[in-house]
Amino acid sequence: MTFILLYFFSGTGNTWWVAKTLAEKLENRNIETQLVNIESKDEELTKTPDMIGIAYPVYGSDYPVNVGEFVEGLPDVDDINCFIITSILGFSGDGALTLEKTLKDKGYNLKQAVNFRMMNNIKLPCSDPDVQRGRSGEDQRSHW
Ligand SMILES: Cc1cc2nc3c(=O)[nH]c(=O)nc-3n(C[C@H](O)[C@H](O)[C@H](O)COP(=O)(O)O)c2cc1C
């Protein structure tokens, strides 16, 4: 049976949801998938993967720093296929592809990279109803 190791980092949950949903769908197709949070120190890897996936939120059209460090620390392999999934708010740029060379240098062949546009989870202070209540537009603008 094909075994996929799906590493993920998620700041606020969007990428976790995408990665978890993909893992469930792969399992439904009899593709064994282990979901591994890169921030968790005690995840035990069960066996050598046939393929790896890396999931992360796009930050500034790029990968988050900790994801880059994690990939740098992956073991060198001899020709393993991999894929990348990202979650984005609206515009990825090359954010799903900027790890390609690092992965290739380590022996991982990037076969597919997909961005998933997710719901907005950014909260600005001026969108707080308590702040808005009782203030004219001009007051609000001068406050912020
Ligand atoms: C520092 C930072 C930079 C971001 N840069 C981008 C960006 O360049 N393009 C984009 O579409 N979304 C950007 N986002 C939004 C996140 O990628 C998006 O909300 C993502 O779904 C968050 O995933 P998470 O819940 O797994 O952390 C950025 C978010 C943060 C915190």
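How many helices and strands are there in the protein chain?

## Overall fold

The protein chain has 5 helices and 5 strands. Helices (H or I, at least four residues) and strands (E, at least two) are DSSP runs, numbered from the N terminus. Along the sequence the pattern reads β-α-β-β-α-β-α-β-α-α.

This is a predicted model: local features need pLDDT of at least 70, side-chain atom pairs count only at pLDDT 80 or more, and totals for chains, interfaces and linings use all residues. Residues are numbered from 1 along each chain as its sequence is written.

## Burial and contacts

Of the 144 residues in the protein chain, 25% are buried (20 or more other C-beta atoms within 10 Å of the residue's own, with C-beta atoms placed from the backbone). Take contacts between residues at least 6 apart in sequence: 75% join residues at least 24 apart. A contact needs C-beta atoms, placed from the backbone, within 7 Å.

## The ligand shell

The ligand is surrounded by 20 residues, each with its C-beta atom, placed from the backbone, within 6 Å of it. The closest are Ser-10, Gly-11, Asn-14, Thr-15 and Pro-57. Helix 1 and strand 4 (80–88) are the elements that give two or more residues. Helix 1 gives the most, with 3.

The shell has 8 nonpolar residues, 12 polar and no charged. Ala, Val, Leu, Ile, Met, Phe, Trp, Tyr, Cys and Pro count as nonpolar, Asp, Glu, Lys and Arg as charged, and the others, Gly among them, as polar.

## Thr-12

Thr-12 sits in the loop between strand 1 (3–8) and helix 1 (14–28). Thr-12 counts as exposed because it has 11 C-beta neighbours inside 10 Å, and the cut-off for exposed is 12 or fewer. The C-alpha atoms of Thr-12 and Ile-122 are 9.9 Å apart, though 110 residues separate the two along the chain.

Terms used
Two residues are in contact if their C-beta atoms, placed from the backbone, lie within 7 Å.
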